[in-house]
Amino acid sequence: MQIEIDDKSGFCFGVVRAIGEAEKALGGADRVYSLGDIVHNRIEVQRLEELGLKTVTHDEMESLEGSRLFIRAHGEPPSTYRRAERLGIRIIDATCPVVAKLQERVKKAYAKMRPVGGQVVILGKRGHAEVVGLTGQVDDAVVVIEKEEDMAQIDFARPIYFLSQTTQSIALFEHLGEEMKRRAADASKVEIADTICRQVSGREQHLAEFAARFDAVIFVCGRKSSNGKVLYEVCRRANARTYNIEEPSEIDPQWLAGVEKVGICGATSTPKWLMQRVADRLVEMKY
């Protein structure tokens, strides 16, 4: 069977930068703590934990006085930095530059909407680390929507400033933006700022073309990956025989019955070495 790994899949710039910063920090004598999983991939998190990185929650910050705390690529709200300063925690900030720029954009959007009674709306996954960091940039509530049905939360009689989490679908963002203009009392008061990372979004068309070339596709990503869910659906629409796994042991031999060509691809949080292990596993299974 012919096996091909997509050469454009794998860590995006922000994740590569964060992993590099973590590995550099782990070369020191002191333990390094990561505020949440450094990347939404359980296997990569385990690798870094073996090097000495310990994942902690916000609730555990009180016990980390004097320690080094790693801020992952998803970013954090200002309140986290203030709390760390109060506790004497040394911050290693690996916030993705694209996310950091979006955080500033949210603050500017709020400053523009507040005097006119407007609202800031973000397309994103509720509870996702990046979205928590974005909504925490301002004191008042920000409307977070995940799908068209959530637009019931929006007051269309008021001005709207619409932005997006960096890893959302461009097609969904554009559709919702048009729908907002259609429903708004005054469409000229709906401001739309496309803040989706192009290094991520550019993969959608590529993956659709990649997936269509094979008899079957194995998409590798962590269960928590928001980007992984989006890109998996892109592949599945292009090829119904697309299967989502987190690690090689999850491969079901029945998926590959009659398959001559299989493609392996993944999310922006999927390490290259893990996709190679999936390919190696297929070889071991004598495919």
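1. A nonpolar core is a set of buried Ala, Val, Leu, Ile, Met, Phe, Trp, Tyr and Cys residues joined through side-chain atoms within 4.5 Å, where buried means under 20% relative accessible area with a 1.4 Å probe, protein chains only. In the largest such core, which has 20 residues, Val 32, Ile 38 and Phe 70 touch the most other members.

2. The model is predicted, so local features need pLDDT of at least 70 and side-chain atom pairs count only at pLDDT 80 or more, whereas totals for chains, interfaces and linings use all residues. Residues are numbered from 1 along each chain as its sequence is written, and side-chain values use heavy atoms, with hydrogens and water left out.

3. The protein chain holds 9 helices and 12 strands, which are DSSP runs numbered from the N terminus (helices are H or I, at least four residues; strands are E, at least two).

4. To return to the largest nonpolar core, which includes Val 32, Ile 38 and Phe 70: helix H1 (13-25) and helix H2 (42-50) each supply at least two of its residues, and H1 gives the most, with 5 residues.

5. Leaving aside neighbours within four places in sequence, Ile 38 is in contact with several residues, among them Ala 18, Ile 19, Val 45 and Phe 70; contact means heavy atoms within 4.5 Å.

6. Across the protein chain, buried residues make up 53% of the 287 residues. Among contacts between residues at least 6 apart in sequence, 71% join residues at least 24 apart.

Terms used. Buried < 20%, exposed > 50% of the residue type's maximum accessible area, 1.4 Å probe, protein only.
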